[in-house]
Amino acid sequence: MKPTIEQIGDLLALKRDERPEEGYWQDFLCEFHQNQREQAVKNSGFSNFFGGVSAWFSDLSPSKWAYGAGMAYAALTIAFFLTPRDVEKENAPASPVNYQVVPAPAPPGLEQLKQLDLSPTTQGDVGEQVF
C-alpha cells in the first residue's frame, strides 16, 4: 500500500517535533567508538589473517590458479638449479707426522761462489768485468 502525500506530510511534521533526550548524541558517539575499537581488535588477530587468506583463495579464478601454478613451477626450477651439488671428497690416506727437522742441502751455486777468488789483487785477471 502506497502512502498518500498527506500521510507523508503528517509523518514529517510529527518527526520534526521529536527531539532526542539530552546526552543522546554523546552516548551514541561513545558507543560508536567502542564498537570501532572492538572491531579493530577483532580484525587484527591471527584469525583475521586466515580469514583474509581464505577469502583471497575463494576469489581466485581458474586462470589465476594457472598463473600461480606457473610461478610456483618457475620458483622450484630456479631453486633446483641454484642449489649446490654435493661434492664427493676422497680422503687422502693418513701418513705419520715426522717431527725431525732436516737441514736443507746447500745450493749448488754456493759451492761455485766459494771456488771463485774475489780478492782485490786478482780482480780483472780471470775475465771478470769491472763496473
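Biologist: What share of the 131 residues in the protein chain is buried?

Modeller: Buried residues make up 2% of the 131 residues, where buried means under 20% relative accessible area, exposed over 50% and partly exposed in between, with a 1.4 Å probe and protein chains only. This is a predicted model, in which local features need pLDDT of at least 70 and side-chain atom pairs count only at pLDDT 80 or more, while totals for chains, interfaces and linings use all residues. Residues are numbered from 1 along each chain as its sequence is written, and side-chain values use heavy atoms, with hydrogens and water left out.

Biologist: What is the secondary structure of the protein chain?

Modeller: It comes to five helices and zero strands, in the order α-α-α-α-α along the sequence; helices (H or I, at least four residues) and strands (E, at least two) are DSSP runs, numbered from the N terminus.

Biologist: How do you know that the length of helix H1 agrees with its 13 residues?

Modeller: The expected span is 1.5 Å times one less than the number of residues, so helix H1 (residues 5-17) should span 18 Å, and its end C-alpha atoms are 19 Å apart, which agrees. The count of buried residues in H1 is zero, and the helix is hardly covered.

Biologist: Why is the pair of Tyr 24 and Phe 28 called stacked?

Modeller: The whole structure holds five aromatic pairs. In the pair of Tyr 24 and Phe 28, the ring centres are 6.4 Å apart and the planes at 20°, so the pair is stacked; rings of Phe, Tyr and Trp (its six-membered ring) pair if their centres lie within 6.5 Å, and planes under 30 degrees apart count as stacked, over 60 as edge-to-face and the rest as tilted. Both residues lie in helix H2, four residues apart, about one turn of the helix.

Biologist: What makes the pair of Trp 25 and Phe 28 edge-to-face?

Modeller: Their ring centres are 6.0 Å apart and their planes at 85°, so the pair is edge-to-face. Trp 25 and Phe 28 are three residues apart in helix H2. Tyr 24, Trp 25, Phe 28 and Phe 32 form one aromatic cluster.

Biologist: Why does Phe 28 count as partly exposed, and why does Trp 25 count as exposed?

Modeller: Phe 28 has 42% relative accessibility and therefore counts as partly exposed, whereas Trp 25, at 57%, counts as exposed. Tyr 24, at 39%, counts as partly exposed.
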